[in-house]
Amino acid sequence: MKPMGRDPRILSLAAEVAISPEQNVPVILLKLKEIINNTPFGSSELKKVKQDIYCYDLIQYCLLVLSQDCSRIQGGWTTISQLTQILSHCCVGLEPGEDAEEFYNELLPSAVENFLVLGRQLQTCFINAAKGEEKDALLHFFEIVTDSLFWLLGGHVQLIQNVLRSDHFLHLLQTDNVQVGSTVMTMLQNILQINSGDLLRIEVKTLHSILDEVVFKLLSTPSPVIRSTATRLLLLMAKSHQEILILLRLSACYKGRLRSLLNKQEPGTEFSQELRQLIGLLSPKVYQEVEEQKLHQAACLIQAYWKGFQTRKRLKKLPSAVITLQRSFRSKRTKMLLKLSRQKEEEDCRLQLQLQRQRAMRLSRELRLSMLEIVHPGQVEKHNREIEEKSALIIQKHWRGYRERKNFRQQRPSLVEYKAAVTLQRATLKFLAKCRKKKKLFAPWQGLRELTDARRVELKQQVDDYIRRHPGSEVSDVISRELHSQAQERLQHYFMGRALEERAQQHREALMARINTNIEQLMKAPSLKEAEGKEPELFLSRSRPVAAKAKQAHLTTLKHIQAPWWKKLGEEARDEIDVPKDELSIELGTLFIGGTKPP
């Protein structure tokens with residue numbers, strides 16, 4: 001962060017800190033107190049001074065000095081206590097600007113931790129001090145450090161959780177000294193008056209430790225100051241948070257004993273009213289209310305879990321809905337962009353056509369003018385007449401083209417019907433031809449047609465003419481009969497062999513069809529990991545794939561027959577039409593399949 005409009009006092013002080021030895025830096029930093037005190041409180045000038053102090057890293061220097069050993073610092077605890085005041089006053093009301101993340105996440109927590117460490121060191125020195133004057137001075141320094149910490153927490157409330165979670169603060173609270181304990185408990189009371197909600201955000205173990213220490217000081221300390229402060233602090237906690245009151249009433253540590261011990265206390269005049277209020281809050285008369293509140297909290301907790309479950313369930317379905325919305329939005333956006341691009345292209349084409357027309361018109365006019373310049377003046381009228389005739393021919397051509405196109409559009413429905421009729425006739429003729437071919441192939445032998453008398457005479461005449469032209473050796477009647485019987489036997493053998501060949505051919509075609517069906521079913525079959533339901537049962541026997549294929553072909557034929565005629569115009573007979581899988585609802589186990597064996 002770079003300073004905007006430098007303060008010469010801060011600039012000179014920063015330069016002095018930069019060039020001075022390390023042991024003189026704390027004393028030099030004390031000059032910041034005079035600069036801050038001479039600036040009006042709450043003014044924009046004070047904010048500017050704090051920003052300059054932070055920009056020149058003087059706050060970081062103060063923090064580094066406080067983290068050092070106090071015995072090595074010139075001036076001792078006096079210098080350290082004044083530096084804590086300077087640090088707290090500089091941090092409150094400061095606007096770090098670009099370095100806000102570093103300021104709030106690193107510098108302020110470090111400052112709080114250093115204040116607590118200094119408090120523990122002063123506490124140790126105060127307990128170990130022998131002289132009364134030295135103790136009074138150390139207590140004064142301790143109060144200055146705690147006041148600086150409280151001032152810093154008042155300006156940055158988010159640091160209260162850091163203080164309550166710190167082990168150093170808990171150690172300060174657990175002291176047996178009256179003055180130090182009273183100061184720490186007073187600071188805790190002031191902190192909770194600023195924001196008591198942070199007390200429930202700390203860990204349960206830490207909260208129990210704080211409550212145990214406050215209750216212990218209330219019940220076991222003979223000092224009326226500690227007891228008064230502990231009573232006010234405990235009353236503030238119980239009034240601020242119903243959970244702490246329920247904990248004091250129902251917890252195994254306090255239930256049934258805390259109230260009896262409080263009744264045994266001799267209430268003093270200073271805090272008798274607060275003690276009576278605390279005893280009244282812990283009275284068993286309102287135990288039923290506490291139970292109802294507990295049940296209410298349990299019901300709220302159950303509702304929260306149920307609502308959370310419902311919310312998580314809805315959130316699991318949310319990605320698919322979001323994906324659907326995104327897909328529809330992107331498709332709509334793509335269509336819109338495509339439409340805009342097409343409109344732009346059409347507009348560009350229209351402009352280009354317009355420019356081409358204008359250019360062509362300009363060229364034609366220029367050409368016409370040049371031709372008029374070339375043509376002899378006597379031939380101008382003839383030239384104009386020729387141009388008019390050509391123009392008339394072009395206009396007639398365009399008009400006739402427009403008229404024919406208009407007539408064609410009017411005749412298009414009848415033309416479509418004619419094409420449909422032709423397509424139907426062609427399909428019908430093909431179907432009849434296939435039927436005749438099948439009938440001819442599978443028709444049994446019916447023998448020769450009976451000959452008429454005229455045909456017999458004609459055939460006999462042809463035979464006689466052939467015999468006359470091709471005379472052969474004479475054959476007796478016995479040999480002729482034998483030849484005739486042999487011819488009949490060979491003819492009979494031929495017809496029997498042809499029937500066997502036809503049956504063998506049909507058997508081969510059936511085997512090929514079954515093999516093709518099995519191959520097709522196997523190619524379309526899913527893997528074993530993806531197989532579901534009764535799909536594996538289709539391959540338990542050789543006939544089941546054929547039955548499934550027959551069912552599919554039957555459904556395909558029905559679907560094709562039920563389709564409207566206009567959907568089948570111009571279509572040839574197709575081998576296969578995809579049928580949805582749910583329509584193939586066939587129980588193959590209930591079909592009678594001859595020649596199959598159980599798997």
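I began with what covers the buried residues of helix 8, and found that the cover includes helix 6 (77-91), helix 7 (100-128), helix 9 (160-165), helix 10 (167-173) and helix 11 (178-194). Here contact means heavy atoms within 4.5 Å, and helices (H or I, at least four residues) and strands (E, at least two) are DSSP runs, numbered from the N terminus. I note that this is a predicted model, in which local features need pLDDT of at least 70 and side-chain atom pairs count only at pLDDT 80 or more, while totals for chains, interfaces and linings use all residues. Residues are numbered from 1 along each chain as its sequence is written, and side-chain values use heavy atoms, with hydrogens and water left out.

I then listed the buried residues of helix 8, among them Leu138, Phe141, Phe142, Ile144 and Leu153; buried means under 20% relative accessible area, exposed over 50%, and partly exposed in between (1.4 Å probe, protein chains only). I checked the length of helix 8 (residues 132-155) as well: its 24 residues should span 34 Å at 1.5 Å a residue, and the end C-alpha atoms are 35 Å apart, which agrees. The expected span is 1.5 Å times one less than the number of residues.

From the covering side I looked up Ser81, which lies in helix 6 and counts as buried because its relative accessibility is 3%. Leaving out residues up to four places away in sequence, Ser81 touches Phe141 and Ile144, both of which are buried residues of helix 8.

Ile519 has its place in helix 20 (residues 477-524), and counts as partly exposed because its relative accessibility is 47%.

Last, I looked at confidence, given as pLDDT, the predictor's confidence in each residue, from 0 to 100. The protein chain averages 76, and 78% of the residues score at least 70. Confidence is lowest in helix 15 (residues 258-264), at a mean of 51, and highest in helix 18 (residues 380-442), at 89. Over residues 573-599 the pLDDT is below 50, and this stretch has 32 contacts in the model beyond near neighbours in sequence. I keep in mind that where pLDDT is low, the predicted coordinates should not be read in detail.
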